[in-house]
Amino acid sequence: MKRDWDKNELVEQFGLYPEEIIFLGENSGHNQLGKAILFKFFQVESRFPESISEIPAEIIEYLALQLNLPEDLLKEYQWQGRSIKRHRHAIRDYFGFQTANLAEQKKLRQWLIREVLPKEHRASHLEELLYQKLKEKRIEA
């Protein structure tokens with residue numbers, strides 16, 4: 001995820017719509033903010049962050065402001081455990097995504113070998129093409 005966002009980009013990419021706030025539910029503050037961050041990160045990246053360090057501070061600040069919560073509540077969010085697993089599952093369902101099973105992994109590998117690698121060898125571009133394909137197929141990256 002890019003690190004610097006201007007105000008227009010924040011509003012466009014991380015603005016919470018009423019139906020999204022309803023989806024976030026009536027959780028405790030830290031869980032509501034954590035779920036909002038996962039939700040918007042997934043909406044933009046089609047994957048979940050591996051840790052809080054992937055989230056630029058301005059995004060955390062903007063989401064907390066919209067939820068009328070102090071951003072330091074995020075320190076209480078559990079990045080391991082049952083809550084985050086439930087949040088991720090609900091977010092995948094909301095966007096109609098699934099996790100990659102072995103059959104899908106095999107299809108993706110074959111696609112890369114047959115259609116992509118003969119034409120492209122730059123690692124960064126290969127990664128970009130793979131993420132695009134995963135997003136098309138609605139598979140979590």
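Predicted model: local features only at pLDDT ≥ 70, side-chain atom pairs only at ≥ 80, totals over all residues.
Local features require pLDDT of at least 70 and side-chain atom pairs pLDDT 80 or more, while totals for chains, interfaces and linings use all residues. Residues are numbered from 1 along each chain as its sequence is written, and side-chain values use heavy atoms, without hydrogens and water.

**The pocket**

Select Val44, Glu45, Ser46, Arg47, Glu128, Tyr131, Gln132 and Lys135, which line the largest pocket (an open set of points on a 1 Å grid over the protein atoms alone, where a 1.4 Å probe fits, with protein on both sides within 12 Å along at least five of seven lines; lining residues have an atom within 4 Å of a point). Helix 3 (29-45) and helix 7 (123-137) each give two or more residues to this lining (helices are DSSP runs of H or I, at least four residues, numbered from the N terminus). Helix 7 supplies the largest share, four residues.

**The salt bridges**

Six salt bridges are found in the whole structure (a side-chain nitrogen of Lys or Arg within 4 Å of a carboxyl oxygen of Asp or Glu).

Next, display Glu20 and Lys40, which form a salt bridge at 2.9 Å, N to O. Glu20 belongs to helix 2 (residues 18-24) and Lys40 to helix 3, so the pair ties together parts 20 residues apart in sequence. Glu20 is buried at 4% relative accessibility, and Lys40 is buried at 1%.

Finally, select Arg92 and Glu140, whose side chains meet in a salt bridge at 2.4 Å, N to O. Arg92 lies in helix 5 (residues 82-95) and Glu140 in the segment after helix 7, so this pair links parts 48 residues apart in sequence.

Note on methods. Buried < 20%, exposed > 50% of the residue type's maximum accessible area, 1.4 Å probe, protein only.
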